[in-house]
Every structure is written in structure tokens, then in C-alpha cells.
Amino acid sequence: MKRLLFMIAPLAILMLAFRPITTSTVTGKINDEKGNPVAGATIQVKGTAQATTSLPDGTFSISTPQSKAVLVITAVGYKATQVTINGQSVINVTLKIAESKLEEVVVIGYGAAKVKQLTNAGVYRSGAPNATQGYYDKRYPGDLETEFNTEGYDNISENRFLKVTDNPLSTFSIDVDAASYSNVRRYINQGELPPAGAVRIEEMINYFHYEYPQPDNGQPFSINTEISDAPWNKEHKLVLIGLQGKKIPVGNLPASNLVFLVDVSGSMQGELRLPLVKASMKMLVDQLREQDKVALVVYAGAAGLVLPPTSGYEKTKIKDAIDKLEAGGSTVGGAGIKLAYKTAKEYFVKDGNNRVILCTDGDFNVGESSDDAMERMIEEERKSGVFLTVLGYGMGNYKDNKMQKLADKGNGNHAYIDGISEAKKVLVNEFGGTLFTIAKDVKLQIEFNPAKVAGYRLIGYENRMLAKEDFNNDKKDAGELGSGHTVTALYEVIPAGVKSSFLDKVDPLKYQKNVTPLSKSSHNDEIMTVKFRYKAPDGDVSQLIEQTVLDKQMPVARMSDNFRFAAAVAEFGMLLRNSEFKSNASFENVAAMAKKAKGNDEEGYRAEFIRLVENVSALAKGGIKKQPIDEGTVKLSPLYRN
């Protein structure tokens with residue numbers, strides 16, 4: 001009998017070891033305390049990369065590996081909640097509003113002077129890239145160190161009103177980046193006001209998708225315009241210019257040659273840094289086809305190729321290489337960028353999508369790390385036809401200013417990933433727009449009719465302004481437009497005959513002849529002419545499109561959802577920046593207008609914006625906690641308070 005038991009025991013152990021791992025599906029609904037559905041909430045299986053987001057009606061569905069798994073539910077403006085499944089197949093969760101006080105941010109140099117104590121922090125140790133072991137580093141528990149907030153943001157000098165008689169032309173490059181909105185959202189969700197330099201209004205507007213018609217004239221994009229009263233200043237007009245990029249089905253997209261360039265330095269320690277990078281990359285890998293190839297380059301104390309170009313068919317192999325990455329060491333960003341471009345050029349796909357995808361906090365501190373050196377290197381590398389996508393991660397040391405420059409100079413785009421749901425938006429929902437360029441060096445030049453317009457200002461795009469001569473100069477770099485992307489720009493216009501303190505007076509010129517304004521009969525129905533220039537992704541010569549805008553306007557209430565929602569986001573941005581041009585703007589007006597213009601919000605992004613505005617409004621009314629200002633610090637603009 002004993003002999004029989006000894007023979008059966010190993011067989012039983014073997015059978016248990018190879019038994020199939022069962023998974024179960026959990027469904028449910030996320031509501032707030034008032035019973036309203038919460039759209040866009042992130043539901044993640046704790047300790048894994050398995051995650052999903054709630055639909056506009058608050059419902060969700062997620063597969064879990066075990067019956068006792070724990071779900072972590074997070075949403076902007078709400079307290080994080082954990083729920084143990086305990087074999088349940090249906091779980092409904094009520095989220096409570098996060099009660100936090102907004103704080104005014106103070107910066108020293110580029111970053112905020114906020115200091116926090118970290119427990120379980122340790123000494124960073126660098127490793128060498130190795131395809132088998134990866135980068136490994138551990139922190140020593142029990143140590144204590146001080147972490148300074150050194151986030152970097154460039155100063156923004158807000159566009160002012162210009163007289164049409166003195167400046168009839170306005171020229172700028174498009175901007176499809178949306179990093180500012182998700183970064184601002186992160187600050188507000190932490191109960192802090194964003195630094196003024198973090199609020200780029202054009203990126204906040206362009207975070208959202210707008211329902212513009214697809215192009216039907218053989219051009220890569222359609223051009224759309226609307227005009228009405230400015231919601232925050234009834235004496236002014238607001239003009240919307242919207243571009244809709246041609247959407248190419250994923251199956252028809254050209255083959256991709258992608259190089260993941262991952263920062264695995266010590267500054268990438270923490271759940272919202274390298275672990276989030278790894279989860280993001282796995283999402284992108286799931287979108288790849290057999291004809292697509294991806295390589296993996298990492299950098300810390302050194303740079304190395306840990307995965308040569310591999311077919312998108314071998315998803316397990318790619319994900320295994322990603323899983324082995326660990327953080328530790330200093331940051332030689334320049335060496336990593338050089339190696340990534342070298343790899344992309346060696347496996348260049350003619351007429352394909354050749355792109356480096358940089359995942360970092362931008363905290364380069366070894367080698368070519370200065371802005372000037374980085375910019376010159378990227379400008380040289382872009383001549384190869386390899387585009388650049390910059391994905392920003394982390395907080396406390398995030399270098400937004402450096403990330404912006406890299407993306408601008410590298411014929412690329414910039415997104416800030418503050419959570420798994422944002423990774424899904426950028427790399428899954430907007431896969432084509434993020435990674436596939438349909439037009440490059442896209443520029444706009446607007447000529448205003450002085451018979452209709454006394455003055456104007458472009459809302460946002462401060463770091464995209466061009467000289468009027470740059471419009472026809474094909475050597476001048478400008479922004480790129482991706483498949484299916486929308487780009488929206490807003491001009492605030494002072495009509496002719498309206499007196500405004502926003503228009504600064506200049507003494508009459510002595511040697512110039514007086515310019516006679518157009519008579520009321522000359523192009524009387526046109527308020528402006530819009531010109532566009534763009535190049536094909538592999539082209540060197542631009543093409544010109546021209547379109548006039550007629551002075552036909554309707555009340556704001558009758559305007560499209562596109563117009564009203566974009567105007568609401570612009571007004572919110574002006575309030576956050578405490579803009580001198582905010583006039584009668586208020587959080588209440590922003591929320592009311594956005595609610596009426598929510599439209600078909602399938603993914604819940606507009607509903608999330610409305611909740612964000614309401615939360616900021618409530619927090620602002622409750623008062624703002626101010627940080628003490630040390631000598632030599634620069635105080636950022638406070639939130640506008642009614």
C-alpha cells in the first residue's frame with residue numbers, strides 16, 4: 001500500500017503543476033455617491049498589467065486570473081478604491097469624491113520648491129544592458145532621503161491682441177500634442193494647481209476629438225471654420241479653424257519599423273514610471289501586425305540593444321524582453337537616442353513608418369544632456385526620415401520642457417501618460433494618429449480683413465508661432481498630422497469699430513505712408529482668408545490650400561458641439577493661467593457650456609473634463625493653501641478666483 005502511495009504521489013503533484021489556470025470574468029458598474037455613472041474610471045487587477053476602463057454608462061468587464069484577486073478602481077477627482085472579488089461575478093462600486101485642498105505651486109528655477117520625504121528610498125545602482133538579465137536594481141528599505149520637485153516647464157508669454165492694420169498676417173505651425181491636458185489633470189487630481197508653464201491651451205483643446213468631416217477632395221485633411229460670439233466677452237468674436245486628418249484603416253497602414261527607447265535609469269523607479277511604461281508598451285505590442293517590426297533599446301549608465309528588430313507576430317518574445325526591464329543608474333539620454341536612431345536607420349522600411357518611441361521622464365544628466373546639444377542631435381537625426389514619438393512618465397522630476405523640444409525637433413509628437421487609461425487612449429484608441437504621419441510641416445497663415453476686424457489674438461500656440469516669411473519657406477520645420485487626428489485653433493477677434501483696451505496704441509509713423517483701410521464694399525462678406533501649407537511624409541516641396549471665411553455667424557447656443565466644447569476648454573485654460581484676457585470667464589460658465597456640448601462621448605473623456613472643472617471650482621471656493629515663498633523663488637500665476 002505504501003509503495004502504491006509513493007507511486008501515485010509524484011503523478012498527482014505533476015498533474016497539479018500542469019493544471020490549466022482558470023480565469024473568470026467580472027462585470028459591474030462604477031457610480032458616484034449621487035448614483036451617476038463614472039465614465040473613464042480605470043479598473044486594474046492589483047499586481048498585474050490587466051486593466052480596463054469604464055464605459056460612458058459606468059459599466060465594465062474584466063478578466064481576472066483568480067477568484068480572490070483584488071480590483072483597484074481609480075478615477076480623476078475620486079478616492080481610489082480596492083475590492084476583493086471573492087468569487088463574485090458582478091461587482092458594483094461607488095466612488096467617493098477626493099476631498100483635497102488646492103495648493104499654490106512655487107518654483108525654483110524650472111521646478112517647484114515642494115519637498116517631500118520618501119521612506120524605503122535607497123541608493124541607485126546602475127547595471128549594464130543584457131538581453132537575459134535586463135537591468136536590475138533594488139532599493140534598501142529603511143533609508144530616508146529628501147526628494148526635491150525639479151519638474152521643468154518653459155515660460156509661456158501669452159499671445160496678445162494685435163492690430164490688423166499693423167499685423168494683417170498671423171502665421172503658426174499646427175500642434176497635435178496633448179501632453180499638457182493629462183499633465184494638468186494629474187496636478188489637479190493631486191490637489192495642486194498646475195504651474196503656468198504646464199498649461200498650454202492648444203494642447204488642452206486638442207486632447208479631445210472633434211466630429212469634423214473626413215476629406216473628400218484627395219487632400220490629406222478637411223478644413224472647417226465657424227464663427228460666433230466669444231463666450232467670455234460678448235464684445236468679441238471667436239473663430240474656430242478645425243482640421244480633420246484622413247483616417248487610414250489599420251489594415252491599410254504601411255509596415256512599421258519601431259524602436260522602443262526606454263529610460264531605465266534610477267529616476268524611473270516607482271509605479272507610475274517604469275512599471276507603467278512596460279504596461280503601455282505591451283498595449284502597443286498588441287496592436288502590431290506580422291509585417292511590423294519592433295526593437296528595444298534601453299539606457300541608464302550605458303545604452304544597449306536588448307531586443308533586435310522582431311516581427312509583431314512574436315508578441316510573447318517582445319513582451320518577455322519588456323518584462324525583464326528594471327530601473328537603476330544615471331541617465332545618458334544622448335547615447336540612448338543615438339543608438340535608437342542607428343537601429344531604426346539600419347532596418348529602415350522604404351515607404352513605411354519608421355519611428356523611435358522614447359519613454360522617459362526627460363531627466364537626462366549624463367553626456368549630451370543640455371537642451372541645445374539634444375536639439376542639434378535630433379535635428380540631424382530627423383533628416384534620415386525617422387520620426388519621433390515622446391511619451392512622458394513620472395512626477396516630481398518630469399522635464400516637460402525638454403520633452404517638448406525633443407518632439408518638436410524630431411518631426412514627432414508628445415504625450416504625457418499619467419495612468420493606464422491614458423496609455424490606452426494614446427497607444428490603442430489613437431494608434432494611427434499617434435504613430436502614422438499623413439502630412440508633415442503643416443503651417444497656417446491667416447490674413448484678416450481690416451474692414452471687418454480691428455484686432456485679433458491666437459489662443460495658445462505660443463511656442464508654435466512663425467514669422468510671416470516662414471510660411472513659404474519649405475526649409476522651415478513645422479508640425480505633423482497623424483492618421484485620423486483633428487487639430488483645432490481658436491482666434492479671439494475684436495470687430496472693426498469696437499473700442500478695446502486690449503489694443504495697445506503706437507505713435508504714428510513719420511516716414512511711412514498712411515494705409516487706407518479697405519472700403520466696406522471691398523470683400524465685405526469675408527472676415528479672413530486661411531492658407532495652409534503641408535508636405536507629404538516623404539516630401540520636400542509643400543502644397544498650398546486656400547480658403548476664405550465669411551462673416552456669417554450665429555449665437556453660441558446654436559453653434560456645433562465642436563465649437564462650444566473647444567471654447568469651454570479654452571476658457572478653462574485661461575482661468576488656470578489667470579489670463580489677463582479671461583474677461584468674464586468663470587468655472588460655472590465652462591461647466592455649463594461643456595455639458596451642453598458633450599455630444600457623443602463614447603469614451604467618456606468629455607464627461608471626465610466636466611467633472612474636473614466642477615472639482616476645481618469646488619476646491620477653489622474652499623480656499624487655496626499657499627506654500628511659503630523663499631527668497632529667489634518665482635511664484636507661478638494663481639488660479640483665478642471670482
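This section describes aromatic pairs and charge–ring contacts in a predicted model.

A search of the whole structure returned 24 aromatic pairs. One of these joins Y181 and F609, whose ring centres are 6.4 Å apart. Y181 and F609 are both buried.

F609 also forms an aromatic pair with F208. Here the centre-to-centre separation is 5.7 Å and the angle between the planes is 80°, which makes the arrangement edge-to-face. F208 is located in the loop between α3 (201-205) and β15 (221-230), while F609 is in helix α13, so this pair ties together parts of the chain that are 401 residues apart in sequence. F208 is buried, as is F609.

Y181, F208 and F609 are among the members of one aromatic cluster. The cluster also includes Y207, F565, F572, F587 and Y605.

Charged side chains were found over two tyrosine rings, those of Y187 and Y207. The charged end of R186 sits over the ring of Y187 at 4.5 Å from the ring centre. For Y207, a member of the aromatic cluster, the charge is supplied by K425, whose charged end sits over the ring, 3.9 Å from its centre.

Terms used: Residues are numbered from 1 along each chain as its sequence is written. This is a predicted model: local features need pLDDT of at least 70, side-chain atom pairs count only at pLDDT 80 or more; totals for chains, interfaces and linings use all residues. Side-chain values use heavy atoms; hydrogens and water are left out. Rings of Phe, Tyr and Trp (its six-membered ring) pair if their centres lie within 6.5 Å; planes under 30 degrees apart count as stacked, over 60 as edge-to-face and the rest as tilted. Buried means under 20% relative accessible area, exposed over 50%, partly exposed in between (1.4 Å probe, protein chains only). Helices (H or I, at least four residues) and strands (E, at least two) are DSSP runs, numbered from the N terminus. A charge sits over a ring if NZ of Lys or CZ of Arg is within 6 Å of the ring centre and within 35 degrees of the ring normal.
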